[in-house]
Amino acid sequence: MIQSVPITPARSVNLSALKASCSACSMHQLCLPMGLGEADMHKLDEIIGRRRKVPKDTPLYRMDDPFTNLYAIRLGHFKTYQVSVGGDQQVTGFQMAGELLGMDAISTDRHHCDAVALEDSEVCEIPFSRLEELFGTIPTLLHHFHRMMSKEITREQNVMLLLGNMRAEQRFAAFLINLSSRYAARGYSSTTFQLRMSREEIGNYLGLTIESISRLLSRLKKQGLLRLANREIELLDLDRMRALAAGTETCS
């Protein structure tokens with residue numbers, strides 16, 4: 001098994017030399033609460049253990065690994081998945097910079113899925129025991145964390161709806177619209193972005209075959225809804241794509 005290559009722990013070197021502070025990170029407005037004072041930001045900076053580089057196709061953690069840290073994605077993309085007793089893989093999500101990984105393990109102290117880098121990535125390790133200590137002194141941080149957990153629950157519910165009630169074209173359109181909105185929140189283009197995951201991984205996540213994904217891409221291209229070059233996708237009509245995801249327009 002390929003192992004992640006960690007950077008020297010922050011305890012042994014000057015923290016500012018190892019990493020930029022949370023307040024200076026371009027992703028801090030997404031994974032951290034707005035409005036923290038300088039003193040509270042400093043407290044948060046002090047508990048960040050290290051930055052950790054995770055090469056492409058390398059696991060950040062595996063199912064049943066003991067839970068010690070949350071991971072704030074600083075750079076790159078990940079996928080999470082579970083493996084059935086029969087050895088089949090089920091993709092449960094795709095995560096990008098500004099999002100937290102590891103919340104699945106809070107209740108049991110064990111991870112319930114594998115998390116693997118889709119490209120060379122980097123995370124900030126957040127020791128959860130030290131984060132809990134801060135919750136008692138920084139109520140805003142605890143409130144923000146509850147909001148993030150609520151969003152995660154909502155995301156899982158939306159996936160269940162996606163797989164249970166939507167036609168194939170709706171599932172795929174909703175998937176693209178979701179990516180579009182998340183990239184827009186990060187200051188990137190909402191219409192042109194790279195698909196970091198493979199067609200097979202997308203199909204696995206949406207409950208569709210790779211052949212279905214390829215047919216849907218061809219159909220959407222033919223209808224002028226998107227343009228595709230290798231893995232770069234351009235959404236040409238967001239309004240129609242949203243209508244397709246909502247089921248008010250069909251892809252014939």
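Is tyrosine 61 buried or exposed? Tyrosine 61 is buried, at a relative accessible area of 4%; buried means under 20%, exposed over 50% and partly exposed in between, with a 1.4 Å probe and protein chains only.

Some ground rules. What you see is a predicted model, where local features need pLDDT of at least 70, side-chain atom pairs count only at pLDDT 80 or more, and totals for chains, interfaces and linings use all residues. Residues are numbered from 1 along each chain as its sequence is written, and side-chain values use heavy atoms, leaving out hydrogens and water.

Now the rings. There are ten aromatic pairs in the structure; rings of Phe, Tyr and Trp (its six-membered ring) pair if their centres lie within 6.5 Å, and planes under 30 degrees apart count as stacked, over 60 as edge-to-face and the rest as tilted. Tyrosine 61 and tyrosine 71 make a stacked pair, at 5.9 Å centre to centre with 25° between the planes. Tyrosine 61 belongs to strand S3 (residues 59-61) and tyrosine 71 to strand S4, ten residues apart. Strands (E, at least two residues) and helices (H or I, at least four) are DSSP runs, numbered from the N terminus. Tyrosine 71 is buried as well, at 6%.

Tyrosine 183 and tyrosine 188 have ring centres 6.4 Å apart and planes at 65°, so this pair is edge-to-face. Tyrosine 183 is buried, with a relative accessible area of 8%. Phe67, Phe128, Phe135 and Phe145 form one aromatic cluster.

Next, the cores. A nonpolar core is a set of buried Ala, Val, Leu, Ile, Met, Phe, Trp, Tyr and Cys residues joined through side-chain atoms within 4.5 Å. The largest has 35 residues, and Phe172, Leu206 and Met241 are among those with the most contacts inside it. Several elements give two or more residues to this core, including helix H6 (168-185) and helix H9 (238-246). Helix H6 supplies the largest share, eight residues. Methionine 241 touches Ala173, Leu176, Ile177, Leu225, Leu226 and Leu235, with residues up to four places away in sequence not counted; contact means heavy atoms within 4.5 Å. Another core, of 21 residues, lies apart from the largest one and has Met41, Leu44, Ile48 and Leu70 among its members.
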